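Please find below my notes on the model under review. They are set out as numbered points, to be read beside the sequence and coordinates.

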Amino acid sequence: MSTIVGSKRPKADPINLPAVISAGKKVPPDAFNLLMQDHREVLELFRCYDLTTDPKARRAIAARICMDLKVHMEFEEELFYEAARDVLDDEDLVEDAEEEHDEAKAIVERLEERTTVDAAFTRDVHALKAAIEQHVTVEETELFPRLRQASLDSIALGVPLFVRRAELFAALTGKPLPGVAAPASQ
Ligand SMILES: [Fe+2]
Ligand SMILES: [Fe+2]
C-alpha cells in the first residue's frame, strides 16, 4: 500500500521532498513545502558556517550557500513569482521580493569573487544571512499566506518547480541534485 506522507504533519513543518521521492513514497508535490524546505536548508548552512573557523570548511559552506541560493532564486522568479503575479492583484509584493533577491544576488556575487576567507568574507556571509532571514520571513509570513488565500494551486505548481530546481542545480554544478534519482528510461 502506498504511503501518503505529510497528512498528519503540522503545516509549518515542511516535507523533505527530494528525500521522500528518492525513498519511493507518494507525496503531494506542494510548492510551499518545497520552498520552505529550501529555506530551512540554507538557514541551517548559515548556522554551520559559524560553527567552524576552518577557512576551507567556511569556503565550502559559503560556496554551497551561494549555489543553493542561486538555484532557489532563479526557479522562484521563473515559476513561483510568475504564478503569484497571476493570482494576486498586488504587484508590489512580488516586486519587493524580486528587489530582495537582487540585493542577495549582489552579495553572492561579491562573495564568489573573494579570494580569501577573512573578516571581510565573513562580514559578507553574515550580511547575506541577514538579508535571507528577512526575505524568508516576508515570503513565509506575507507572500505564502496571501497566495494560499488567493487559492494558488500549489500542488499543480510543485512538480514544475521541483523539475526546474533539479535542472538548474545540474546546469550550475554539473551534478544531479542530491537525493533525486535519475528518471527511469522509457
Ligand atoms: Fe524563497
Ligand atoms: Fe525568494
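1. Helix α3 (residues 55-87) packs against helix α4 (residues 91-113) at an angle of about 160 degrees, and their axes lie 10 Å apart. Consequently, α3 is roughly antiparallel to α4, a label given to angles over 145 degrees. Axes here are lines fitted to C-alpha atoms, for helices over the stretch in contact, with angles running from 0 to 180 degrees between N-to-C directions. Helices are DSSP runs (H or I, at least four residues), as strands are (E, at least two), numbered from the N terminus.

2. This is a predicted model, in which local features need pLDDT of at least 70 and side-chain atom pairs count only at pLDDT 80 or more, while totals for chains, interfaces and linings use all residues. Residues are numbered from 1 along each chain as its sequence is written, and chains are lettered from A and ligands numbered from 1 in the order in which they are written.

3. The crossing of α3 past α4 is left-handed, that is, the near helix is turned anticlockwise from the far one by less than a right angle. Ala, Val, Leu, Ile, Met, Phe, Trp, Tyr, Cys and Pro count as nonpolar, Asp, Glu, Lys and Arg as charged, and the others, Gly among them, as polar.

4. Helix α2 (residues 31-50) and α3 also pack at an angle of about 160 degrees, with axes 10 Å apart. The two are therefore roughly antiparallel to each other, and α2 passes α3 in a left-handed crossing. Among the residues making the contact are L35, V42, L45 and F46 of α2 and I61, I65, L69 and F80 of α3. The contact divides into twelve nonpolar, one polar and six charged residues.

5. Is S151 buried or exposed? S151 is exposed, with 8 other C-beta atoms within 10 Å; the cut-off for exposed is 12 or fewer, and for buried 20 or more. S151 sits in the loop between α5 (119-149) and α6 (154-173). Although not a glycine, S151 has a positive phi of about 60 degrees.

6. Overall, the protein chain has six helices and zero strands. Of its 186 residues, 26% count as buried.

Conventions: Angles under 35 degrees count as roughly parallel, over 145 as roughly antiparallel, 65 to 115 as roughly perpendicular and the rest as oblique. Two residues are in contact if their C-beta atoms, placed from the backbone, lie within 7 Å.
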